Structures are given as C-alpha cells and as structure tokens.
Amino acid sequence: MDIIQRAAELGKAIAESEENLAFTNAQDLVNNDEVAMGLVNKYGEARDKLHALMQNREGNQKELKTMSGVIERINEEIGNNPLLQDMLSAQEKLQSLMRNVDRVINFQITGMSGNDSGCGSGGCEGCKGCS
C-alpha cells in the first residue's frame, strides 16, 4: 500500500470521526441560525475594522479603544450563544484530534514526540498510543 493511499484512508477516517461529524453538525446549525450568523458577521466586520485601524499608523487611540470595546461586547454575545459555544467546543475537539494525529505521525517519522515531556500540555486526549 503506498503512502498516498494511506493518507487518503487517514483523511477518510478523520472525515468520518465523531469529532468531525460533531463539528460539521454544529457548523450547519450555526449557518442556519440568523442570530448566530449575525454575530459571526458582526465579529468579522469589527475585527476587520480594528485591523484596518491598527494598520493605519495615524490611527487614533480613541478609535482603537472603541473598536476593542465593540469586539469585547460581541465576544460576550458569542459566549452567551449556545449554538456558537457548541460549535467552538466541537471545533476545539476536532483541532485536538488533528494535533494528536500530527504528533503520532511526527513520532513515527522522527522517533521524537516534539517535546521533552510526553505529548505536551494538550495531553494525549483521544490518542490510542504512538506505536
């Protein structure tokens, strides 16, 4: 079996994993909810405005502070939205799986875990071992 075929099988296994299915489902729920999508869009627009202000060397501190406050309020609203919280939680679990897959692959290639103290601060959550 060649490497590309094994990579395709790994990709398929990840696509069919509980973590990916939970994230995809949560993402669909957010995409179909006006309030959640409104918050996502508001956050993106505010982040872009803040970035533009930061790029402008003549940007005034009052504008930066105001826009930072807007982003904080939107973040608070996001934190109070159960659909967005579920999606963010599912996303973190999927990212954790992907980090663990990367660690296992790197270990198999190099014989090293990538740090001196085991699997690192994220631990080996969901890991079946490195061998």
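Q: Which residue does D48 meet in a salt bridge through its side chain?
A: Quick ground rules: this is a predicted model, where local features need pLDDT of at least 70, side-chain atom pairs count only at pLDDT 80 or more, and totals for chains, interfaces and linings use all residues. Residues are numbered from 1 along each chain as its sequence is written, and side-chain values use heavy atoms, with hydrogens and water left out. A salt bridge here is a side-chain nitrogen of Lys or Arg within 4 Å of a carboxyl oxygen of Asp or Glu. At 3.4 Å, N to O, the partner of D48 is R47.

Q: Are D48 and R47 buried, partly exposed or exposed?
A: The scale is relative accessible area: buried is under 20%, exposed is over 50%, and partly exposed is in between (1.4 Å probe, protein chains only). D48 comes out at 46%, and R47 at 43%. That puts D48 and R47 in the class partly exposed.

Q: How many salt bridges does a search of the whole structure find?
A: Besides the D48 and R47 pair, E92 forms one with R99, where the closest N and O atoms are 2.8 Å apart. Another joins the side chains of E77 and K42 at 3.5 Å, N to O. The search of the whole structure gives three.

Q: What is the rough orientation of α3 relative to α4?
A: Axes are lines fitted to C-alpha atoms, for helices over the stretch in contact, and angles run from 0 to 180 degrees between N-to-C directions. The axes of α3 and α4 are 10 Å apart and the packing angle is about 160 degrees. Angles under 35 degrees count as roughly parallel, over 145 as roughly antiparallel, 65 to 115 as roughly perpendicular and the rest as oblique. That makes α3 and α4 roughly antiparallel.

Q: How many nonpolar residues are in the contact of α3 with α4?
A: Contact means heavy atoms within 4.5 Å, and the residues involved include L39, Y43 and L50 of α3 and L64, I71 and I74 of α4. Ala, Val, Leu, Ile, Met, Phe, Trp, Tyr, Cys and Pro count as nonpolar, Asp, Glu, Lys and Arg as charged, and the others, Gly among them, as polar. The contact has two polar and five charged residues, and the nonpolar count is 12.

Q: At roughly what angle do helix α2 and helix α5 cross?
A: Helix α2 covers residues 18–31 and helix α5 covers residues 82–110. Their axes come within 8 Å, and the crossing angle is roughly 155 degrees.

Q: What is the pattern of the protein chain, read along the sequence?
A: The protein chain has five helices and zero strands. Read along the sequence, the pattern is α-α-α-α-α.

Key:
Helix = DSSP H or I, 4+ residues; strand = E, 2+ residues; numbered from the N terminus.
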